[in-house]
Amino acid sequence: MTLTYYLVLAAILFTIGAVGVLVRRNAIVVFMCVELMLNSVNLTLVTFARATGTIDGQIMAFFVMVVAAAEVVVGLAIIMSIYRTRRSASVDDANLLKY
Amino acid sequence: MDVLPAEGLLAASWLLIALPLAGAAVLLLGGRRTDRWGHLLGTATVVAAFLLALLCTFQLAGLDERSVDVDLFTFISTGELDVRAGLLYDPLSAVFVLLITGVGSLIHIYSIGYMAHDPARRRFFAYLNLFVAAMLLLVLGNSFVALYVGWEGVGLASYLLIAFWYTRPAAATAAKKAFIMNRVGDVGLALAIFLMFAQLGTTSFEGVFGTVGTLAGGTITALGLLLLLGACGKSGQFPLQAWLPDAMEGPTPVSALIHAATMVTAGVYLIARSAPIYDLTETARTVVMAVGALTLLIGAIAGCAYDDIKKVLAYSTVSQIGYMFLAVGLGPVGYVAGLAHLLAHGFFKAGLFLGAGSVMHAMNDQVDMRRFGGLWRKLPVTFGTFGLGYLALIGFPFLSGYFTKDAIIEATFDRDDWLGWTFGGIAVLAAGLTAFYMTRLMLMTFFGRARWEDGVHPHESPSVMTVPMVVLAVGSVFSGALLVSIFPLSDWLEPVFGEPEEAAHVIAPATIGIALTVIMLLGVLAAWLFVGRREVPVTAPVRVSPVTRAARNALYADTVNESLFMRPGQWLTRALVWVDNRGVDGAVNGLAATLGGSSSRLGRAQTGFVRTYALGMLGGAVLVAGALLAVTAG
C-alpha cells in the first residue's frame with residue numbers, strides 16, 4: 001500500500017481549508033474550512049496508523065473529532081450571537097477587539 | 001597645669017548651665033501660660049547663676065592650683081572615641097563665666113523694660129536664657145567637643161534672636177546671613193576637632209594640650225589656622241566680618257549681650273584657650289595678628305561712615321575684637337592684655353548698646369543718627385552713662401579702654417620687628433579713627449540742633465533700664481584700672497598662661513600713653529571739625545569722595561562676598577537645576593516616552609481582523625514546520 005495518495009489528498013484538503021479561512025468572509029464558511037483542515041489532519045493520522053499497524057493515530061483522530069464537535073457547538077453559538085447584534089455573519093465586521 | 005577634682009560648691013557648677021537652660025525650657029514649653037511671669041523667671045535664673053558663679057570663683061581663688069575639673073557623664077563612647085562631658089573651672093573660664101552671667105544679668109534686667117511692650121517678650125527671655133546656657137557651656141566645657149556644642153548653641157540662639165522680629169524681611173535675611181557665615185567658621189572648628197581626634201585620639205583640653213607637642217609642625221599650624229577660621233566666623237573677623245553689622249536687626253539688648261559683650265568674643269576665648277597649640281606655631285600666630293590688625297582697621301574705617309547708630313557700634317565691636325585678636329596673636333605676652341581688653345570692652349560696649357537702645361526707645365525706634373541731635377538735655381542719665389562708655393572706648397586717660405588698649409599696643413611694639421611696627425602703627429591709627437567715629441556719634445546723637453522727626457517726644461527710660469546702664473558705666477570707668485593695676489588679671493590667670501614675664505619695653509609706656517592720648521584728641525578734634533561745628537544734614541550727602549563711598553559700603557565686603565561666593569553659588573544652583581531637569585528628568589521621562597510610544601506603535605498591529613491573525617498563525621506554523629524540517633533534514 002502506498003501512503004502518497006492519502007497524504008497528497010490530505011495536503012490538498014488542508015490547503016483548501018487554509019485558503020478558505022484566509023480569503024472567505026462568511027463566518028460559516030470559515031468555520032467549515034476549519035473543519036476541513038481538522039479532517040485532513042484526521043486523514044493523515046489514520047493513514048499513518050494504518051501504515052504502522054498501531055492504533056495511536058486512530059485514537060488521536062477520535063480525540064480530534066470530539067474536540068471538533070465541541071468547537072462547533074461553541075463556535076456556532078458565537079456566530080449566532082454576533083449575527084444577532086450586527087446583522088452580519090462577516091468575520092471582518094467583528095473587529096472591536098483591537099488597539 | 002594641675003587639675004583638681006571638684007569639691008564643695010564647685011562640684012555643683014553644672015548648675016550654672018542648668019539654671020538658664022531650665023529657664024529656657026520652662027518658658028518655651030510652658031507657652032502662653034508663662035507670659036505673665038516669664039521675664040521674671042528668665043532674669044532670676046541668670047541672676048542666680050551669677051551669684052553661684054561669684055561663690056564658685058571665691059572658692060576657686062582659695063585653692064592652691066586654681067583649676068578644677070568637674071566630671072559629669074560619658075557623652076560619646078564609640079570605638080576609640082570616648083568623650084566625657086565635664087566642666088573645667090579654671091581662672092580663664094571663671095573670668096568668662098563672671099562676664100557672661102554678670103553682664104547677662106544686667107541686660108536681662110534692662111530687657112524687662114526694653115521689651116515691656118513687645119507681645120513676644122516671653123519668647124525673647126527664653127532665647128536669652130538659652131543663649132546664656134549655651135555660652136556658659138562654651139566657656140566651661142573641658143573638651144573641644146563640649147566647646148563645640150556650646151559654640152553651635154550660641155550660634156542657634158544668635159540666629160533666633162537676630163530674627164526675633166521675623167516678620168521684618170531685613171531681620172530674617174540678617175539672621176540667615178549670620179547663620180551661614182558662622183557655618184563657614186564652624187566648618188573650620190569642626191575640621192580642627194576631627195584633626196585632633198585623628199592625630200591625637202582625644203579632644204579633651206588636657207589630652208590635646210599635653211600631647212600636641214608630638215605632632216609635626218605643619219599639622220600644628222593647620223590646627224591653629226582651622227581654629228582661627230572658627231574664631232573668625234564667630235567673632236566677625238576678616239574675612240567673615242560682614243554678618244555682624246547686619247545682626248543689629250535684632251533687639252538692642254541682643255546686640256549688647258551677644259553681638260558686643262559675650263558671643264562675639266568666643267573667638268578670642270577659643271584662641272586664648274588653645275594657647276598651648278598657638279605657642280608651638282609662629283605661623284598661625286602671625287596670621288592671627290594679621291587678621292586682627294586688618295579687621296581693626298576695616299572696622300574703624302567703616303565705623304566712620306555709617307549713620308545707623310547701632311551699625312557704628314557694631315563696626316566698633318568688629319574693630320575692638322580686632323584689637324583682641326592682635327593681642328592674643330602676640331603669644332604669651334598678649335593673652336592677658338587681650339582678655340583684659342575683652343572684659344573692659346564687655347562693660348563699655350554693652351553699656352553703649354544699652355544706651356543706644358535707650359535712645360531708640362526714646363525716639364520711636366529711630367536708628368538714623370541724622371534724626372537725633374540735642375538729646376543730652378532730654379536723656380540725662382542715658383547721656384551720662386553713654387558718655388562714660390564713650391570715653392572708656394576711645395581710651396580717655398585713666399578710664400578702662402586707656403589701660404587695656406595701651407597694653408595691647410605696647411605689647412605689639414615690644415615685638416620690635418617689622419611686623420610689630422606695622423601692626424602697632426595700624427593699631428595706633430585705628431585708635432585715632434575710633435576717637436573720630438565715636439565722637440561723631442556723640443555729636444550727632446546728643447549735641448547740636450534737634451533734628452527729630454515730627455511727633456517724637458524723647459523721654460528718659462524707666463529705672464529698670466537706666467540702673468543696668470549706670471552699673472555698666474561704673475564698670476567702664478573702673479574695670480581697666482582694676483584689671484591692669486589694682487587687681488592684676490595677669491596674676492589671676494597665671495595658672496593658665498604661666499608667670500607674666502617682665503617685658504623689655506621698646507618704647508617707654510609713658511610715651512605710648514601720651515602719644516595715644518594725643519592721637520585720641522586729634523580724632524576728637526577732627527570729628528568736631530567735620531561734624532560738630534556745622535549743621536548735620538538730615539539726609540546723607542550723595543556727592544561724596546570715593547573714600548567715603550567705600551567706607552559707607554564697608555570697604556565692599558558684601559560686594560566681594562556676593563560676587564565671589566553668592567553669585568557663583570547661584571549659577572551653580574541654576575546649572576544643577578538645569579542638569580536635573582534636562583539631564584536626569586530628561587533621561588527618565590525620555591525612557592518612559594520611548595516605551596509608551598513604541599508600545600502604542602506595536603499595538604497598531606492588533607487590527608481586530610480575524611483573518612489577519614489567522615494569516616499570522618499560518619505563517620508561524622509554516623515557519624515552525626520549516627525549521628523542524630530543516631533541523632531533521634540537516
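Me: In strand 3 of chain B, which residue is the bridge partner of B:Ile76?
Reply: First, this is a predicted model, in which local features need pLDDT of at least 70, side-chain atom pairs count only at pLDDT 80 or more, and totals for chains, interfaces and linings use all residues. Residues are numbered from 1 along each chain as its sequence is written, while chains are lettered from A and ligands numbered from 1 in the order in which they are written. Strands (E, at least two residues) and helices (H or I, at least four) are DSSP runs numbered from the N terminus. In strand 3 of chain B, B:Ile76 has as its bridge partner B:Val83.

Me: Over how many bridges do strand 2 and strand 3 of chain B pair?
Reply: Strands pair if DSSP finds at least two bridges between them. Their hairpin has two residues between the strands, and B:Gly79 there takes a positive phi near 60 degrees. Strand 2 (residues 68–78) and strand 3 (residues 81–89) of chain B run antiparallel, and the number of bridges is nine.

Me: How many buried residues are there in helix 25 of chain B?
Reply: A residue is buried if 20 or more other C-beta atoms, placed from the backbone, lie within 10 Å of its own, exposed if 12 or fewer, and partly exposed in between. Helix 25 (residues 610–633) of chain B reaches 34 Å from its first C-alpha to its last, close to the 34 Å expected, where the expected span is 1.5 Å times one less than the number of residues. Chain B has buried residues as 50% of its 634 residues. Helix 25 of chain B, though, is hardly covered, and among its 24 residues the buried count is zero.

Me: Why is A:Arg87 called exposed?
Reply: A:Arg87 is found in the segment after helix 3 (56–86) of chain A. It has a positive phi of about 55 degrees although it is not a glycine. A:Arg87 is exposed because the count of other C-beta atoms within 10 Å is 8.

Me: Is B:Asn364 partly exposed or buried?
Reply: B:Asn364 is placed in the loop between helix 15 and helix 16 (380–394) of chain B, and its phi, near 60 degrees, is positive in a residue other than glycine. With 13 other C-beta atoms within 10 Å, B:Asn364 is partly exposed.

Me: What kind of peptide bond joins B:Phe238 and B:Pro239?
Reply: B:Pro239 lies in the loop between helix 8 (217–235) and helix 9 (243–246) of chain B. Omega for the bond between B:Phe238 and B:Pro239 is about 5 degrees, and the bond is cis.
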